[in-house]
Amino acid sequence: MAYDDQNIFAKILRGEIPCNKIFEDDFALAFHDINPQAPTHALVIPKGPYVSWDDFSADAPADLVVGFVRAVGHVARLLGHDGDGYRLLANHGANAHQEVPHLHVHIFGGRPLGPMLTRSG
Ligand code: AMP
C-alpha cells in the first residue's frame, strides 16, 4: 500500500491539524487519542512516511527505528505507567481494523485492561 500524505496523522505531523501533544523529538510525535478507550490512550507516530508496522519494520532507517521505539517507552514513562502497567497496540491492515494509514502505536493504561482480544467474529 502506497503512503497517502493526506492522511490525518500526516496533517498533524505537518502542523495542519492540531493535536493534544504529549511529546515530540526528531523521530516521533505523541499525542492523546481523540476517542480514548482507557484513562490513558496515547498515540505515538514516527516522523516518516510509513503506513504501518509492516513497511516501517522493513524499510525505515535504523536511527528512526531506534528513535521511535525509545520514544514509545519514554512516553509510557512520562504518562506514569511504567509502574502500574500498560498495553501497546499497532494495527496493520484490514483484519486489524487499521483506520489511519500512518503507523501509530497505541498506549493504553490507567486501569486493568482485561484480556488481550475481544472474542467477536
Ligand atoms: P487505528 O484503528 O489503529 O488506525 O486507530 C486510529 C486511532 O486514531 C483511533 O483510536 C482514533 O480515535 C484516533 N484518531 C483519529 N483521528 C484523530 C485525531 N485527529 N487526533 C487524535 N486521535 C485521532
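Surface, fold and single residues

Modeller: In this predicted model, the accessible surface of the protein comes to about 7,300 Å², and carbon and sulfur atoms account for 54% of that.

Biologist: Which elements does the protein have, from the N terminus on?

Modeller: There are four helices and five strands. Their order from the N terminus is α-β-β-β-α-α-α-β-β.

Biologist: What makes the protein as compact as a globular protein of that length?

Modeller: The radius of gyration is 14 Å, and the globule rule also gives 14 Å for 121 residues, so the protein is as compact as a globular protein of that length. Its C-alpha atoms fill a box of roughly 35 × 35 × 30 Å along the principal axes. Buried residues are 38% of the 121.

Biologist: Why is F108 called buried?

Modeller: Buried means under 20% relative accessible area. F108 has 12% relative accessibility, so F108 counts as buried.

Biologist: Where does F108 lie, and with which residues is F108 in contact, leaving aside its neighbours within four places in sequence?

Modeller: F108 belongs to strand 5, residues 105-109. Contact means heavy atoms within 4.5 Å, and with those neighbours left aside F108 touches Q37, A38, T40, H41, Y86, R87, L89 and L113. F108 and H32 stand 76 residues apart in sequence, yet 10 Å apart in space from C-alpha to C-alpha. For the protein in general, 55% of contacts between residues at least 6 apart in sequence join residues at least 24 apart.

Biologist: Why does H97 count as exposed?

Modeller: Exposed means over 50% relative accessible area. The value for H97 is 57%, so H97 counts as exposed. H97 sits in the loop between strand 4 (86-89) and strand 5. H97 has a positive phi of about 65 degrees, although H97 is not a glycine.

Biologist: How do you know that the reach of helix 3 is close to the one expected?

Modeller: The expected span is 1.5 Å times one less than the number of residues. Helix 3 (residues 62-78) has 17 residues, for which 24 Å is expected, and from its first C-alpha to its last it reaches 24 Å. Buried residues in helix 3 include L64, F68, V72 and V75. After helix 3 comes G80, with a positive phi near 90 degrees.

Biologist: How many positive and negative side chains does the protein have?

Modeller: There are 9 positive and 14 negative side chains, with the centres of the two sets 7 Å apart.

Methods: Residues numbered from 1 in each chain as written. Predicted model: local features only at pLDDT ≥ 70, side-chain atom pairs only at ≥ 80, totals over all residues. Heavy atoms only, no water. Helix = DSSP H or I, 4+ residues; strand = E, 2+ residues; numbered from the N terminus. Buried < 20%, exposed > 50% of the residue type's maximum accessible area, 1.4 Å probe, protein only. Rg over C-alpha atoms; globule rule 2.2 N^0.38 Å. Areas by Shrake-Rupley, 256 points an atom, 1.4 Å probe, with all protein chains shown as cover. Lys, Arg positive; Asp, Glu negative; His and termini not counted. Charge placed at Lys NZ, Arg CZ, Asp CG, Glu CD.
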